[in-house]
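I opened my notebook to jot down what I looked up in this structure. Here it comes first, and my entries follow.

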Amino acid sequence: MPTSNALRTPNDILAGRMQFLAQATLVLFLLAWVVWMAPFDDLLDRRGTPLGADYSMFYVSGQIVLDGAGERLYDQGEHQRRLHALFPGIDDSFCLPYRYPPFVAALMVPLAALPYGLSFGCFFAMSCASWFTAVWMLSRHLRILRGPWRRSILWAIAGMPLAWETMLGGQASMLAFLILCSTIVLIRGKRFILAGAILAMAAYKPNVMAFVGLGLIVRYPRLLKGMIPVAAIVALASFLPAGVKG
């Protein structure tokens with residue numbers, strides 16, 4: 001039988017309000033995004049920004065490597081030319097310089113071989129998977145996510161505008177979130193070598209977790225045993241798509 005309002009505690013009422021606000025925020029945010037992108041005929045929003053915004057930079061970088069033009073990976077003129085070829089109606093002021101390591105562009109090659117809309121869909125699905133996996137990992141190790149507030153907090157996470165903004169905006173932030181959560185969980189399990197190896201993968205955008213990584217290394221020097229080999233492999237992999245010049 002449903003609990004009557006008279007029998008509900010203040011915590012129950014607050015939890016219910018949190019869930020409603022989270023659900024309403026999620027629906028309104030996604031609805032606003034659909035309206036902003038409609039009618040989806042040219043994959044540009046009302047300001048002339050492409051679907052996924054930041055993702056267009058990843059896509060173009062993968063195209064450049066796929067075409068064997070890795071030496072032009074950091075040529076902004078080349079990026080702009082390809083962006084205009086993809087989106088003839090793009091706003092002329094839209095500009096996203098490629099500022100990631102070369103190996104990231106190499107990893108984008110399979111997605112760059114797909115049509116842009118499908119490619120972004122795959123990237124968005126991977127971002128969601130990273131987000132949900134990270135939250136699932138946290139739910140197993142944070143007491144608050146196993147208590148009576150679990151449902152409300154999970155809904156609050158699901159309705160978080162910042163998370164949806166980064167994913168629909170084509171950013172790779174959820175990968176960094178997953179890397180950080182995985183590293184922390186592995187450290188708590190005293191699996192320092194594997195934790196260091198996972199942390200080294202944050203090299204896809206070093207400035208995102210530079211200070212966090214440094215702090216973890218100072219606290220747990222054993223992370224270096226796993227970090228150094230992976231970092232060396234990543235460094236070597238960066239020469240493949242763009243050469244020494246890149």
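**Entry 1: a serine.** In which helix does Ser119 lie? I found Ser119 in helix α6. Before going on, I noted that this is a predicted model, where local features need pLDDT of at least 70, side-chain atom pairs count only at pLDDT 80 or more, and totals for chains, interfaces and linings use all residues. Residues are numbered from 1 along each chain as its sequence is written, and side-chain values use heavy atoms, with hydrogens and water left out.

Is Ser119 buried or exposed? Ser119 is buried, because its relative accessible area is 0%. Here buried means under 20% relative accessible area, exposed means over 50%, and partly exposed is in between (1.4 Å probe, protein chains only).

Leaving aside neighbours within four places in sequence, Ser119 is in contact (heavy atoms within 4.5 Å) with Tyr55, Tyr59, Leu111, Ala112 and Leu114. I also saw that a polar atom of the Ser119 side chain lies 2.8 Å from the backbone oxygen of Leu111.

**Entry 2: the whole chain.** How many helices and strands are there in the protein chain? I noted 13 helices and zero strands. Both are DSSP runs numbered from the N terminus: helices are H or I with at least four residues, strands are E with at least two.

The C-alpha trace spans about 70 × 55 × 25 Å along its principal axes. Of the 246 residues, 42% count as buried. Among contacts with a separation of 6 or more, 69% come from residues 24 or more positions apart.

For the surface, I wrote down about 13,900 Å² of accessible area, with 68% of it belonging to carbon and sulfur atoms. Such areas come from the Shrake-Rupley method with a 1.4 Å probe, and for residues only the protein chains shown count as cover.

**Entry 3: the cores.** I then looked for nonpolar cores, meaning sets of buried Ala, Val, Leu, Ile, Met, Phe, Trp, Tyr and Cys residues joined through side-chain atoms within 4.5 Å. The largest nonpolar core has 49 residues, and Tyr55, Phe58, Tyr98, Tyr100, Val104, Tyr204 and Leu223 have the most contacts inside it. Elements that give two or more residues to this core include α2 (55–66), α6 (116–141) and α12 (224–237). Which element gives the most to this core? My answer is α2, with seven residues.

I picked Tyr100 for another look. Not counting residues up to four places away in sequence, Tyr100 touches Met57, Phe58, Tyr74, Tyr204 and Lys205. A second, separate core has 11 residues, including Leu26, Cys128, Trp131 and Met167.

Entry 4: Most residues other than glycine have a negative phi, and most peptide bonds are trans, so I looked for exceptions.

Which residues does a cis peptide bond join? I found Ala38 and Pro39, with omega about 10°. Pro39 is in the loop between α1 (10–37) and α2.

Ala53 is not a glycine, yet I read a positive phi of about 45° there. Ala53 has its place in the loop between α1 and α2, and counts as buried because its relative accessible area is 18%.

Lys190 is not a glycine either, and has a positive phi of about 60°. I located Lys190 in the loop between α9 and α10. With 65% relative accessibility, Lys190 counts as exposed.

Note on methods: A polar contact is a pair of N or O atoms within 3.5 Å; within protein, one must be able to donate a hydrogen and the other to accept it, and residues adjacent in sequence count only if both atoms are side-chain atoms.
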